[in-house]
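Trainee: Could you walk me through reading a helix and some ring pairs in a model?

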Amino acid sequence: MWIAAKCIITLVALLHLYFLWLEMFAWTTRAKKVFKSFPENLFEPTKTLAANQGLYNGFLAAGLLWSLFIENHEWQFNVALFFLGCVAVAGIYGAITASKKIFTVQALPALIGIGLLLAQQMV
């Protein structure tokens, strides 16, 4: 169970590193292909806002990756649970306010990770 939880934590962290790259470094190029419903003329004016979002995604990824290297099991569990919770809340909020797809891409993997962590804790 713990290996599955670590795999999901790694997946969520990698997704957020991708979001960081997309929003900070590829907003006016690659992001146009990813966010097709976003008006093309708004990519350049929102470049700084997207970079700020990307930075926050990087913080989430850093916290999740950090949790994988903590040796104390209780701290590892708590840090992973905290950052997965942050991702889940952000994903749910994004699904409500921006696009339902955000739930599947962001919140669902985090919720699966939380479920695996909690199930592992009960064993």
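Predicted model: local features only at pLDDT ≥ 70, side-chain atom pairs only at ≥ 80, totals over all residues.

Trainee: What span should helix α1 have?
Mentor: Helices are DSSP runs (H or I, at least four residues), numbered from the N terminus. The expected span is 1.5 Å times one less than the number of residues. For α1 (residues 2-25), the 24 residues should span 34 Å, and the end C-alpha atoms are 34 Å apart, which agrees.

Trainee: Which residues of α1 are buried?
Mentor: Buried means under 20% relative accessible area, exposed over 50%, partly exposed in between (1.4 Å probe, protein chains only). Among the buried ones are Trp2, Ile9, His16 and Glu23. Their cover includes α2 (31-34) and α3 (47-69).

Trainee: And how do I describe ring pairs?
Mentor: You give the distance of the centres and the angle of the planes. Rings of Phe, Tyr and Trp (its six-membered ring) pair if their centres lie within 6.5 Å; planes under 30 degrees apart are stacked, over 60 edge-to-face, the rest tilted. That gives eight aromatic pairs. Tyr18 and Phe19 form a tilted one, 6.2 Å centre to centre with 55° between the planes. Tyr18 is partly exposed at 33%, while Phe19 is buried at 14%.

Methods
Residues numbered from 1 in each chain as written. Heavy atoms only, no water. Helix = DSSP H or I, 4+ residues; strand = E, 2+ residues; numbered from the N terminus. Contact = heavy atoms within 4.5 Å.
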